[in-house]
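Please keep the sequence and the structure in view while reading.

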Amino acid sequence: MTPPAIDMSSTTTATNEDKPKSAAFRVGLGDITPNNLGQLKRLNTVLFPVVYTASFYKEILEVGEFAKIIYFNDVCVGAVCCRKEKVQGSSSLQQLYIATLGVLAPYRRLGLGSQLLDHILENAELPPSSGPKIAKVYLHVQTNNEEALNFYKKRGFEVAETCANYYPQLDVADAFRLEKVLIAE
């Protein structure tokens, strides 16, 4: 069986105070396949307070460029998972929901989350080979997650609404629905 495609061509220099200034590291995006689905499940367990179902992971295997794992020196440290949804009343437009986007805490502030989000947005803006175009990208963030809220706002997302009790199983149950419009309807 062929291993997943990993783009390890980018080399970046670490500038964190924790890391030597001359240290180079490899960062690459990889496809999510049945072979590394276990890694994604483990990442999501560590990163998110929500348990994802078997059907969630089955769907992730079908979305192509809208689900990626990010590697740091060949170690899986983060991922993004999205799903396409129909836009009510339109056969030519769809929307993209970012279900998860996360990077393990020791690897944050290295631009890895930005790389994941940039990949999703770039692919969302590409003209589709067939089917509807993506009109907007949206996601939910807990109202107390200032770090995530600032991350998305810096990248052009806006708070579209507050969803009361969106995460009923969590202590902070309310969420913001953030969105970035790509094509005005």
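The volume is the space filled by probe spheres set on points joined across faces, edges and corners. Its lining has 40 residues, and Leu 101, Gly 102, Asn 145, Ala 148 and Tyr 152 are the closest to the centre.

This is a predicted model, in which local features need pLDDT of at least 70, side-chain atom pairs count only at pLDDT 80 or more, and totals for chains, interfaces and linings use all residues. Residues are numbered from 1 along each chain as its sequence is written, and side-chain values use heavy atoms, with hydrogens and water left out.

Among the elements that each supply at least two residues to the lining of the largest pocket are α3 (112–125) and β6 (133–142), while β5 gives the most, with seven residues.

The second largest pocket has a volume of about 210 Å³. Of its 15 lining residues, Phe 66, Lys 84, Asn 123, Leu 126 and Pro 128 are the closest to its centre, and α3 and β6 each supply at least two residues of this lining as well.

The protein averages a pLDDT (the predictor's confidence in each residue, from 0 to 100) of 87, and 87% of the residues score at least 70. Over residues 1–22, however, the pLDDT is below 50. Where pLDDT is low, the predicted coordinates should not be read in detail.

Definitions and conventions:
Contact means heavy atoms within 4.5 Å. On a 1 Å grid over the protein atoms alone, a cavity is a set of points where a 1.4 Å probe fits but cannot get out, and a pocket is an open set with protein on both sides within 12 Å along at least five of seven lines; lining residues have an atom within 4 Å of a point. Helices (H or I, at least four residues) and strands (E, at least two) are DSSP runs, numbered from the N terminus.
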